[in-house]
Amino acid sequence: MLSSTWRYRFFIFSSIKTELRTKFIRSRLGGLWMILNPLAQVIIFAFVLSAVLSARLPGINNQYAYAIYLMAGTLGWTLFSEIVNRCLTLFIDNGNILKKLAFPKIALPLIVMGSALVNNLLLFIAILAIFGLLGHAPGMALLWLPILMAIMVALALGIGLILGILNVFIRDIGQVVPVVMQFVFWLTPIVYMANIIPAQYHSWLVCNPLIPIVTAYQDILLYNRAPQWLDLANTLIIALVLLLGSLVLFRKASPEMVDQL
């Protein structure tokens, strides 16, 4: 799979470029929509949730601290959810292509990953612009962000590929996962602080591998401090195991998937 990915690297890059271009080919604003959509989201967080609700965070001398906290968590969650949701129906949506064209099937999730990374980068730029308007300037801790993104991508691809493969054979998976994703979102401290969770439920937090990554995003963007690498180590191990397991499953199930599609 690695060798075929390298041989088809230009196909993958051109497919990512074509996918991004076709989204806005009939739009007068073109690629600006890739910035305006997430920008509208972060503006809502900044002004509605902070200015209206007047939320505050301890240790941050900024009236929009809660909005900054929310946007930091949203940046990580958006990357995760986009990859998982798109991988869920990836092989079903591209069934005709898989039957007619000869190319490595592993290229499809890589195209999804590349597109999601571009979208997330644009969201990151929009968030930085909002931070500037709110008087908050992230520091050198931003240098750790690419590592967090890599861990998040590995975790999302591992989960997304497994679900996408299972969805080919068991179509109920596609109906259940969106509901589960909503629960996962609210069980991850994105819109609330983890310390408000009652102590008797803290043991359940270790069951959610997203929590250390989202917390690391908030540490970097809000508090300008390095992530807690000890907490991230477990998530990294889980991500690598899931990614490796998904690739093994993908390799074994590929011939049968085409027949099912």
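What covers the buried residues of helix H10?

A word on the model before we go in. This is a predicted model, in which local features need pLDDT of at least 70 and side-chain atom pairs count only at pLDDT 80 or more, while totals for chains, interfaces and linings use all residues. Residues are numbered from 1 along each chain as its sequence is written, and side-chain values use heavy atoms, with hydrogens and water left out.

Let's start with the whole chain. It has 11 helices and 0 strands, where helices (H or I, at least four residues) and strands (E, at least two) are DSSP runs numbered from the N terminus. Of its 261 residues, 45% count as buried. Buried here means under 20% relative accessible area, exposed means over 50%, and partly exposed is in between, with a 1.4 Å probe and protein chains only. The chain exposes about 14000 Å², and carbon and sulfur atoms supply 67% of that area; such areas come from the Shrake-Rupley method with a 1.4 Å probe, and for residues only the protein chains shown count as cover.

Now for contacts, meaning heavy atoms within 4.5 Å. Among contacts between residues at least 6 apart in sequence, 79% join residues at least 24 apart.

Back to H10, then. This helix runs over residues 210-223, and its 14 residues reach 19 Å from the first C-alpha to the last, close to the 20 Å expected. The expected span is 1.5 Å times one less than the number of residues. H10 is mostly covered, with 12 of its 14 residues buried, among them Pro-212, Tyr-217 and Gln-218. And here is the answer to my opening question: the cover includes helix H4 (65-88), helix H7 (107-133), helix H8 (145-169), helix H9 (173-186) and helix H11 (229-260).

One of those covering helices, H4, has 24 residues that should span 34 Å, and its end C-alpha atoms are 35 Å apart, which agrees. H4 is mostly covered as well, with 21 of its 24 residues buried.

Look at Leu-145, which has its place in H8 and counts as buried because its relative accessibility is 4%. Not counting residues up to four places away in sequence, Leu-145 touches Phe-124, Tyr-217 and Ile-220.

Next, the end of H10. Just after the helix, Asn-224 takes a positive phi of about 55°. How many salt bridges does a search of the whole structure find? It finds 1, where a salt bridge is a side-chain nitrogen of Lys or Arg within 4 Å of a carboxyl oxygen of Asp or Glu. The partners are Arg-225 and Asp-219, whose side chains meet at 3.0 Å, N to O. Is Asp-219 buried or exposed? Asp-219 counts as buried, because its relative accessibility is 5%, whereas Arg-225 is partly exposed at 40%.

Let's move to H11, where Ser-246 has its place. Ser-246 is buried, with 0% relative accessibility. Leaving aside neighbours within four places in sequence, Ser-246 is in contact with Leu-157, Gly-158, Leu-161, Ile-162 and Ile-165. The C-alpha atoms of Ser-246 and Leu-161 are separated by 5.8 Å, while the residues lie 85 apart along the chain.

Now a loop. Phe-103 lies between helix H6 (95-100) and H7, and it counts as buried at 13% relative accessibility. Beyond its neighbours within four places in sequence, Phe-103 is in contact with residues including Tyr-8, Phe-11 and Leu-108. Tyr-8 is 95 residues away along the chain, yet the two C-alpha atoms are separated by 7.9 Å.

Two last stops. Trp-144 sits in the loop between H7 and H8 and is partly exposed at 34%.

Finally, cysteines. A search of the whole structure finds 0 disulfides, a disulfide being a pair of cysteine sulfur atoms within 2.5 Å. Cys-87 is buried at 1%, whereas Cys-207 is exposed at 58%.
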